[in-house]
Amino acid sequence: MDRLLEMCRLKYSDKEFELIEQAAKFAQEIHGEQLRESGEPYYTHPESVGIILADMGMDVNTVVTGLLHDVVEDGPNVTVEHIKKLFGENIAEMVDGVTKLTRTSKFDLLDKEEQQAESLRKMLLAIAKDVRVVIVKLADRLHNMRTLAYCTPEKQRRKARETLEVYAPLAHRFGMGAVKCELENLSFKYLWPDDYKKLKNEMEKQQNERMITLQKAMQDISRYLRENGIEAQINGRPKHLYSVYLKLMRQNKSLDEIYDLIALRVIVNTVSDCYAALGIVHAHWKPVPGRMKDYISMPKVNMYRSLHTTLFSNDGLPFEVQIRTTEMHRAAEYGIAAHWMYKEGKRDQDDIDSKLAWLREALELENYASNTVEFVDNIRKDFFGDYVYVLTPMGQIIDLPTGSTPLDFAYRIHTNLGNRVHHAKINGALVKLDYKLKNNDVVEIVTSTNSSPSRDWLNIVKTQQAKAKIRQWFKKENREENIQRGKEMLTEAAKRQGVVLADISKEAYFEEMLKRFNMADFDSVCAAIGYGGIRTGQVLHYVLEQRRKERKAHEAAIRLEQKESAQRTVTESHGVVVKGEPNMTVRFGQCCNPVRGDDIFGYITRGRGVSVHRADCPNADALHSDIERIIDVEWSDNIKSSYTANIQILANERAGLLMDVSQQLLSLNLSMKTMNAKADENDEVVIQTSFDVKDTQQLESVIKALKKIRLVKDVYRVNF
């Protein structure tokens, strides 16, 4: 405890220090004999979180929250109400916001994905109420990542992936650059350790060679600024590893082509000094064309401000110079946390509100999501991915997911603007509404009172926010029209499945589906289909499944009686036993390609024997509609047979990806039958391949091995 108290004694008033000391002792008492995976007392974790927060200059309530952030979750009989009595309502609310969901019977019934989604939703709501919650949570995650070496490899990868997908983007959104970079580097270290070590070694060699040039540049810049009466602090900082790694992967560059492996930071007193310093360095070094960026006059969305320029040194080596004021530097490193560093207590509430604007927009998505998992997934897609930065005609910067269109821009500005789009202009020129926005585009939306959303827009927009608002418009605009349209769409979809809608419209068939979508009646379901809120396939899945269950229950007694009264004969072929039918030809349905271990059923074809299908075959409902031709089949004890499996791999494009996939399959002693790959405009690759396996257990092992390949996002079975 000494390290924490020694730091806080100098930073806080006597009264504040007493509160921190009380919280530290309380946390130490509650965590008691608990140990971390490193073997250290558990209390060292909240103590380290408190030190991180104090080092950021956070207020006393935030430091205390950091010390107490795990006592409710881990402490016996410690409640938020208990914290409120001891430390006050504000601290209790922040502790509650940082704490994961309380263990309840309802929470235990959720699967892992739902639990994580509920916890993230709770945290986002708490951040909207008090932004200091995110600073505590990021400090908590930062210390956990710093000590991740003591965890199991599986936990290391799981925590690192969650950090890269959620917490690093959160730090970026709130302008906390130093925290974001460290979280990304630590995640990189555990997710792709070989790449991390290789790049780290290569960069250290490059940096050592460049530091000689940079030391000379630093001395010269310092002298030139001093001669012009400008006070400045100058230092060099290495580019963080993960950022370099992404450039190498996405742009297919070599390390020699990355200009900003080391950047010089020039920190001056005033904004006018920033521009004066820029003029001085440009007067003495030739700038690289197209590499000058003014983030002072046009700050980034997370309020980052600085001047960036890349220069050629005297020996031709490019190097980056960043010029900013002390206040800008503090904001760039600590983002929203920098507001609590001002000892005089002056904080710009408007600036804080601007940093929370994206979060308020994100939380609106809850109104349009059918469940928490969908809500959190929509936030990740719209706010935690790669962005393009575009401008309004007035110069306001708007960030949107890569691939967004003018319609996405309009709906981000305001719902009514989106609903009244007539056409769009980019940089003064008319464009189609499906135009893909690029960085620095100036977007102008031209509206008309006679314009309204088209259902085609749902296929054009990229953001979940825009899709939700378009569906909401159709939902409210004309319920009767939506109901009629929905019934027509459902009738057509049912016809494609080989059934008549009237035959499956029994009330009993709809009970499960109405609960799932929280609908009052069948008309509400049809209305939702009509405005695009629910897909026809989702509805038919539930309805046909209920009909199938009813039919199976009805046939079960008859089948059981037949099985008990008749002597059964069997056919065994291709590792499958067909019950009750001798000398039948057996073949596997190409619509689903069963593999030993899958749940299967048989279908008696006309003149072609028995066709074996997976229970989850896309044609299962249509086949089960002819119940007389369904026959029992099961896997035999013959394990000599092999089965064709089709899988699809989703990955980010990079050199050598197909070679790595092929080598992984060969290393597993698999012979590929086919392999096709296709890349899209967002540098995402879809690879389809087929090979023979002996059972589903082997197939799962193959899928797990492929998921470990660098930049592979997902691997799953498909039918093609």
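Buried means under 20% relative accessible area, exposed over 50%, and partly exposed in between (1.4 Å probe, protein chains only). This is a predicted model: local features need pLDDT of at least 70, side-chain atom pairs count only at pLDDT 80 or more, and totals for chains, interfaces and linings use all residues. Residues are numbered from 1 along each chain as its sequence is written, and side-chain values use heavy atoms, with hydrogens and water left out.

**View A. Salt bridge between arginine 223 and glutamate 227.** A salt bridge is a side-chain nitrogen of Lys or Arg within 4 Å of a carboxyl oxygen of Asp or Glu. Here the closest N and O atoms are 3.8 Å apart. The two residues are four apart in helix α13 (residues 193-227), so about one helical turn separates them. Helices (H or I, at least four residues) and strands (E, at least two) are DSSP runs, numbered from the N terminus. Arginine 223 is partly exposed at 34% relative accessibility. Glutamate 227 is exposed at 57%.

**View B. Salt bridge between glutamate 333 and arginine 265.** The N to O distance is 3.4 Å. Glutamate 333 sits in helix α16 (residues 326-334) and arginine 265 in strand β2 (residues 262-268), 68 residues apart. Arginine 265 is buried, at 14% relative accessibility.

**View C. Salt bridge between glutamate 93 and lysine 129.** The N to O distance is 3.6 Å. Glutamate 93 lies in helix α7 (residues 89-98) and lysine 129 in helix α9 (residues 112-129), so the pair ties together parts 36 residues apart in sequence. Glutamate 93 is partly exposed at 34%; lysine 129 is exposed at 64%.
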